[in-house]
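Thanks for coming. I have one structure to go through today, so please look at the sequence and the model while I talk.

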Amino acid sequence: MIAESRNKSGDADVTAGGNAGATDGGKGQLILASKSLPDRIPLLPLGSKPVFPGLMFPTSLPSGPLAEAVKAAAEGTPDRCVGFVLTRDESDADNPELTVDGLYSVGTAARILRLQEGAEGELQVLFRGEERFHILKAARHDDHLMAQVVYLQETKPEGEEVRATALAIVNTMRDLIQHNPMFSEEIKMFLSRTDWGEPGRLADFAANMTSASREELQEVLECLDVHERLQKVLFLLRKELDLNQLKERITHQIEEKITKQQREFFLREQLKAIKQELGMEKDEKTEEIERYQERIKKLTLPEEADNRIREEIDKLKLLSPQSPEFSVTRNYLDWLTGLPWGEFSRDRLDVKRSRRVLNRDHYGLEDVKNRILEFIGVAKLRGGVEGSILCLIGPPGVGKTSLGKAVAESLGRKFFRFSLGGMRDEAEIKGHRRTYIGALPGKVMQAIKNVGTANPVIMLDEIDKVGASFQGDPASALLEVLDPEQNVSFRDHYLDVPFDLSKVLFIATANVPDTIPGPLMDRMEVIRLSGYIMEEKLSIAKRHLMPRLLEKHALTRDDLRFTDGAVKEIISGYAREAGVRALEKALSSCLRKIAARKAEGGIEEKVAIKKGDVETYLGKPQYSDEPLMKEGRPGVVMGLAWTALGGTTLYVEAVPVPGEGDIKLTGQLGNVMQESSHIAYSLITSDYGQFGIKKNFFKGKRVHLHVPAGATPKDGPSAGITMATALVSLALGKTPPPDVAMTGELTLTGRVLPVGGIKEKVIAAKRSGVKDVILPKQNEKDFVEIPERVTKGIRPHYVEDYPEVFKLIFGGAIGRG
């Protein structure tokens with residue numbers, strides 16, 4: 001058993017099992033436990049900082065083993081002591097598996113002064129630090145550590161150096177109060193009660209006031225030499241003072257900056273008020289209102305719009321600039337006063353000038369250009385183009401958009417284009433209501449504001465691709481825009497005042513008319529663009545495409561030359577579509593290769609691209625003449641069809657296969673085309689004798705009818721006579737004449753009905769080298785309207801019923817050159 005006793009002079013007699021305790025040579029002394037401080041105490045681990053002797057501190061302990069240990073020490077022993085020890089790892093303070101190896105060996109014994117237990121078992125305890133101790137050994141007892149300890153006695157301080165160090169600490173603490181008043185009262189109270197004969201206590205108190213690290217404070221706790229401890233604490237206080245001075249300097253700089261900004265703000269506000277009093281400056285709201293008033297003086301406003309603008313200006317005067325409604329009203333007034341009310345560009349209705357502009361930018365399309373010139377001529381006689389809406393329908397790449405620009409230039413009007421493709425919200429046309437955040441006017445009014453005149457040319461591109469959704473139908477919204485009877489007072493949802501669109505020339509573009517709603521189509525004047533033949537593409541390439549592409553690729557005419565044969569080879573093998581976009585891409589591909597060679601220094605003289613060189617630059621041709629057509633065989637006939645990309649040729653093939661007497665169809669044929677095949681089969685099999693077909697030819701046979709290419713969907717009635725001719729050719733075993741194509745709808749009684757797209761189909765026949773075309777009699781007027789340069793070299797044959805087709809094909813009337 002370890003026991004401790006003290007005499008009156010404070011010296012200690014140390015015995016341990018009958019032996020005297022060892023000393024540390026004057027620096028520190030191990031003493032045995034006295035009657036008031038037990039040698040076995042429960043240990044409470046600390047994570048943040050150690051506890052110093054002589055200081056009172058409150059602690060809150062949650063219910064658990066540690067709280068039970070403190071409660072037992074307070075109630076079960078008269079000394080009421082526990083030990084506080086710092087953990088080596090800060091995170092181990094709450095570790096229930098903590099061992100003595102995880103603790104520093106020196107801690108502080110503290111006496112319980114007051115204890116209060118809460119409703120849920122938590123403890124509020126007030127402790128006072130008593131003495132430093134050293135752990136001899138420890139073991140876990142009832143989920144907490146119990147340790148056998150010896151108490152450490154500090155050395156007796158002597159000399160003026162110790163007093164001077166203590167005085168330096170006191171002065172530093174007083175300086176610290178000036179920078180950090182948080183501990184001012186506590187420090188003042190301590191200094192007023194401090195006995196200068198206890199410098200160790202001063203060191204402990206001063207160390208506890210610093211924000212030093214836990215390791216530095218533990219080092220102070222373990223130091224028993226008072227003079228050395230004072231020096232350590234003085235160093236920590238100086239660091240704390242420097243830190244507080246730096247913090248104060250940073251805070252002062254920030255406060256100075258904020259104060260300067262506030263001062264500048266108040267000065268600016270005072271200056272603004274002085275200038276306003278002197279009439280030298282106006283506030284933002286006054287300037288905005290005067291700007292709107294100046295704008296409306298220059299505009300020719302209708303009565304409703306004028307009243308609305310003045311109402312909004314009066315409302316703006318009452319609103320604070322910080323109000324959200326202020327910015328909404330200001331944006332609305334920006335739009336209302338930014339529109340070109342009563343501002344019109346002067347029309348130049350000169351037919352000759354318009355013809356020059358159209359011929360300069362477009363080759364061919366004479367019928368289309370004549371139709372536009374007729375439109376301008378009528379407008380000149382009427383004195384304006386009010387109430388006119390044009391719709392250019394044609395395949396891609398034939399110049400619809402550029403024609404619209406040329407019309408605007410010839411009229412001397414501003415031009416604006418926006419696409420309707422994929423548009424699904426009617427608010428894109430008529431605007432959003434102002435109740436929505438971020439509301440804007442529709443595309444039409446945005447175009448009017450952008451161009452700055454009330455009579456521009458507005459192109460509505462891709463009108464055949466307008467969508468519809470739960471947000472509305474833009475096509476229906478366009479009805480009001482394009483109706484001359486309604487657009488005189490077009491009311492945008494955002495602006496909510498009528499605006500006159502009757503002076504605007506709307507030009508719509510589309511690839512196919514089928515998807516344009518009927519009511520919308522009725523409001524437009526349709527002009528069809530059919531496409532270009534080879535001669536026209538050749539001229540377009542030489543006049544328009546090559547100069548632009550040479551400049552784009554940094555080349556000149558001195559670097560290369562395309563022969564006519566090479567361009568024709570490109571057109572026939574790589575660019576057979578109705579427009580010229582594929583031709584432009586093919587020419588660009590050739591120019592890129594030449595530009596790359598020139599950049600590498602591989603070109604020393606002018607390059608001449610001839611017909612035989614085209615495959616070197618572009619690879620194998622994408623299009624070639626059908627070998628079946630060249631060879632010729634029974635059951636294979638060329639027809640003519642119309643697609644969204646223009647006219648095209650197609651072949652109908654028929655072969656007999658074993659099976660019942662019926663017809664098998666392949667080639668992704670639509671319902672109408674399937675019906676045409678059944679009509680043709682019924683017509684031929686019901687009157688086979690008229691066509692010289694053997695009576696039993698179709699018995700016990702199944703006719704397989706195929707229309708290449710199989711991956712392309714096809715539909716329409718115009719292949720009726722082509723399918724009938726393929727069946728007759730198969731039954732007779734005769735090959736149709738070469739270079740003959742046909743189109744026409746067939747009825748069950750053999751009548752041939754008219755079809756559409758004659759011009760596009762004839763252009764496709766021209767591209768394919770067809771010399772004879774068979775057309776319905778009622779389409780003769782359509783063929784006559786086709787320009788002679790297109791029909792040159794093509795002989796038309798008009799029929800009213802199928803026997804006439806039979807005589808032309810198998811009677812020797814055509815196909816002989």
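What is the bridge partner of Leu390 in β16? Ile507 is the bridge partner of Leu390 there.

Before going on, some ground rules: this is a predicted model, where local features need pLDDT of at least 70, side-chain atom pairs count only at pLDDT 80 or more, and totals for chains, interfaces and linings use all residues. Residues are numbered from 1 along each chain as its sequence is written, and side-chain values use heavy atoms, with hydrogens and water left out.

β11, residues 389–393, and β16, residues 505–510, run parallel and are joined by 5 bridges. Strands are DSSP E runs of at least two residues and helices are H or I runs of at least four, both numbered from the N terminus; two strands pair if DSSP finds at least two bridges between them.

Both belong to an open sheet of 5 strands, ordered β12-β13-β16-β11-β17, with parallel pairing. β12 (415–419) and β17 (525–528) are at the edges with a single partner strand each, so one side of each has no neighbour in the sheet. On average, neighbouring strands here are turned by 20 degrees against each other, direction ignored. Helix α14, residues 443–451, packs on the sheet and touches β12 and β13 (457–461); contact means heavy atoms within 4.5 Å. The direction of α14 makes about 150 degrees with that of β12. Axes are lines fitted to C-alpha atoms, for helices over the stretch in contact, and angles run from 0 to 180 degrees between N-to-C directions.

Finally, the whole chain: it has 27 helices and 28 strands.
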